[in-house]
Amino acid sequence: MRETRLDIAQIRAARQVIDPMFLDTPLFLCEALEADLGCTVSIKLETANPVRSFKARGTEVVSSLLADNGPGAAVCASAGNLGQALAWSGRARGLDVTVVASRYASTVKLDRIRALDAKLELVDGDIETAREWAVAIAQRDGIRLVEDSLDIETCEGAATIGLELVGTLSSFDAVLIALGGGALATGVGHVVKTLAPGVEVICVQPLGAPAMTLSWRQRRVVTTDSINTIADGVAGRHPIPAVLNDLLVVADDAVLVKEESIIAGMRMLLERAGLVVEPSAALGVAAIIEDRDRFAGRHVVTIVCGSNVDMAAYHRWTGAGTNHVP
């Protein structure tokens, strides 16, 4: 495998600074999904922690480094999950954390960021607008700008999921990874391709937020003008060149899925696995729904990466409580 920015030794070292409550998350065979999807599905569950997503694995590494240099401060742009994670990790280490988010972001996520004692600044526009303002704050105040996926620590933290997958399962054929900024996909992908190179690494993104997938397919950065998806956790428009370079090394495929498939995946995870998940976490199941023949008879792992979802929206999308599984 060609080189990426990641290193297995550094990923193993990252495990040593991550709070154990975020490590060794549940990994289980979900037999109830097999009849619906036509393949063996193992779920790696990253929601049973204080911030309900995988993001704290990365912010734990970042915050540990900042804390080692004495009292400090950090700012990030976030659709919600990174902000919660940085707020949690920073609070535990005495760091001052500022999160910049769109005022149109999930109210549930924004409220949780406030509850974790972070300073929250809201901007008009989407995540890209938030990133611009976070950069300005970092420059103005001379504090650490935490850039998800660009900062290698966020990728190393996410990559520890890959260590757990390879170390726990004796064999599996493919791993389906939600693709947004790329930390999860490049981190897990690097570990899998290094330690279990025969496993297919498939990244999944919504049709309404396709920038990184289009970039992977064209092998150059492709930006988009707008976002139209309920999967806010993966809804970026401007891929980071260094992250794309890593993704080109570790990903075997990148696929786009429809909104109705994402909703069907959320519904299926509720009714077959008892899991309430946010849209980004259902991307893997959505990919199987849209291409059952591709995965037929195979053992597939899907990373359920977050469960921070507004319940009113969740009920509206899924019709929870009624039998809608396709």
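Author: Ile43 touches Pro26, Leu27, Phe28, Cys30, Leu33, Leu269, Ala273, Leu275, Thr302 and Val304, leaving aside residues up to four places away in sequence; a contact means heavy atoms within 4.5 Å. The model is predicted, so local features need pLDDT of at least 70 and side-chain atom pairs count only at pLDDT 80 or more, while totals for chains, interfaces and linings use all residues. Residues are numbered from 1 along each chain as its sequence is written, and side-chain values use heavy atoms, with hydrogens and water left out.

Ile43 is among the residues with the most contacts inside the largest nonpolar core, together with Leu37, Val175 and Leu184. That core has 67 residues. A nonpolar core is a set of buried Ala, Val, Leu, Ile, Met, Phe, Trp, Tyr and Cys residues joined through side-chain atoms within 4.5 Å. Buried means under 20% relative accessible area, exposed means over 50%, and partly exposed is in between, with a 1.4 Å probe and protein chains only. In soluble globular proteins, nonpolar side chains tend to be buried together. Another core, of 27 residues, lies apart from the largest one and includes Leu66, Leu95, Ala101 and Ile113.

Helices (H or I, at least four residues) and strands (E, at least two) are DSSP runs, numbered from the N terminus. Four strands form an open sheet in the order 5-4-3-6, with parallel pairing; two strands pair if DSSP finds at least two bridges between them. Strand 5 (119–123) and strand 6 are the edge strands, each pairing on one side only. From one strand to the next the twist averages 25°.

Six of the seven residues of strand 4 are buried, so the strand is mostly covered.

Asp151 counts as buried because its relative accessibility is 11%. Apart from residues up to four places away in sequence, Asp151 touches Arg144, Leu145 and Val146.

Strand 3, helix 4, helix 6 (127–141), strand 6 and helix 8 (183–195) each supply at least two lining residues to the largest pocket, and helix 6 gives the most, with six. The pocket holds about 640 Å³ of space and has 39 lining residues, of which Lys55, Ile127, Arg131, Asp148 and Gly181 lie nearest its centre.

Gly181 is also one of the residues nearest the centre of the largest cavity, with Gly180, Gly236, His238 and Pro239; 13 residues line that cavity. Helix 6 and helix 9 (211–218) are the elements that give two or more residues to its lining. About 100 Å³ of space lies in this cavity. On a 1 Å grid over the protein atoms alone, a cavity is a set of points where a 1.4 Å probe fits but cannot get out, and a pocket is an open set with protein on both sides within 12 Å along at least five of seven lines; lining residues have an atom within 4 Å of a point. Grid points are joined across faces, edges and corners, and a volume is the space filled by probe spheres set on the points.

Methods:
Axes fitted to C-alpha atoms, helices over the stretch in contact; angles between N-to-C directions.
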